[in-house]
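Reader: I've got a structure open and I'd like to learn how to read it. Can you walk me through it?

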Amino acid sequence: MSNIRNMKQEFINSVLGSPAEASADALQSNMNQLLNSFFNLSFVGMVILSPKTHRFVHINDQTCVLTGYSREELLEKTWREITHPDDLEYALTQIFKLYNREADSVIFEHRIIRKNGSAAIVTADVKCISRPDGDIEYVIATAQDITQRR
């Protein structure tokens with residue numbers, strides 16, 4: 001067990017630096033780099049959305065690949081605009097479960113419309129990040145293309 005603990009600490013030290021050497025600013029910078037690296041992994045689309053406008057706030061590269069839109073184009077859109085019209089009501093029902101505090105997260109399948117007009121079926125995993133006062137600050141979501149499984 002101590003061997004696993006040592007390996008875990010070695011990994012943490014390699015990412016964040018040893019606690020004795022690291023300043024708070026350096027630790028924060030390293031943590032930001034780690035989170036940014038994780039966000040930009042290419043195995044699933046990841047987005048951060050505004051709960052008020054439903055606009056994309058932050059998008060990883062895989063989301064651009066999945067949708068066919070550039071980052072700049074997606075930042076001008078809402079998730080509703082790329083959701084297939086026949087699936088929009090269902091998707092909204094799922095999202096409102098979060099807004100109404102009926103669920104901590106929701107996972108559902110729906111179609112998106114790519115820039116070229118084709119549809120992709122995705123599994124969306126969505127969660128809200130709340131402020132200390134309980135108001136929703138951001139909506140975070142992952143989207144995995146499952147079109148080939150259908």
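This is a predicted model: local features need pLDDT of at least 70, side-chain atom pairs count only at pLDDT 80 or more; totals for chains, interfaces and linings use all residues.

Reader: Which residue takes a positive phi in the hairpin of S4 and S5?

Author: That's Gly134, with a phi near 95°, and here too five residues sit between the strands.

Reader: How many bridges hold S3 and S4 together?

Author: Nine, linking residues 105-113 of S3 with residues 119-130 of S4 in the antiparallel sense. To see one of these pairs, find Glu109: its bridge partner in S4 is Thr123.

Reader: And what joins S4 to S5?

Author: Nine bridges, with S5 covering residues 136-145 and the two strands running antiparallel. Look for Val126, which stands opposite Ala141 in S5.

Reader: In what order do the strands lie in the sheet?

Author: Read across the open sheet and you get S2-S1-S5-S4-S3, five strands with antiparallel pairing. S2 and S3 are the edge strands, each pairing on one side only. Neighbouring strands are turned by 30° against each other on average, if you ignore direction.

Reader: How many bridges are there between S1 and S2?

Author: Three, again in the antiparallel sense. In one of the pairs, Val47 has Ile59 of S2 as its bridge partner.

Reader: Where do side chains point in a strand?

Author: The general idea is that in a regular strand they alternate between the two faces of the sheet.

Reader: Which residues have the most contacts inside the largest nonpolar core?

Author: Phe56, Trp79, Phe108 and Val126, in a core of 21 residues. The elements giving two or more residues to this core are S1 (45-49), S2 (56-59), H5 (79-82), H6 (88-99), S3, S4 and S5. H6 provides the largest share, four residues.

Reader: What does Phe108 touch?

Author: Leaving out residues up to four places away in sequence, Phe108 touches Tyr90, Ala91, Gln94, Ile95, Val122, Thr123, Ala124 and Val126.

Reader: Which residues does the second core include?

Author: Leu66, Ala120, Val122 and Ala143 are among them; this core is separate and has five residues.

Terms used
Residues are numbered from 1 along each chain as its sequence is written. Side-chain values use heavy atoms; hydrogens and water are left out. Two strands pair if DSSP finds at least two bridges between them. A nonpolar core is a set of buried Ala, Val, Leu, Ile, Met, Phe, Trp, Tyr and Cys residues joined through side-chain atoms within 4.5 Å. Buried means under 20% relative accessible area, exposed over 50%, partly exposed in between (1.4 Å probe, protein chains only). Contact means heavy atoms within 4.5 Å. Axes are lines fitted to C-alpha atoms, for helices over the stretch in contact, and angles run from 0 to 180 degrees between N-to-C directions.
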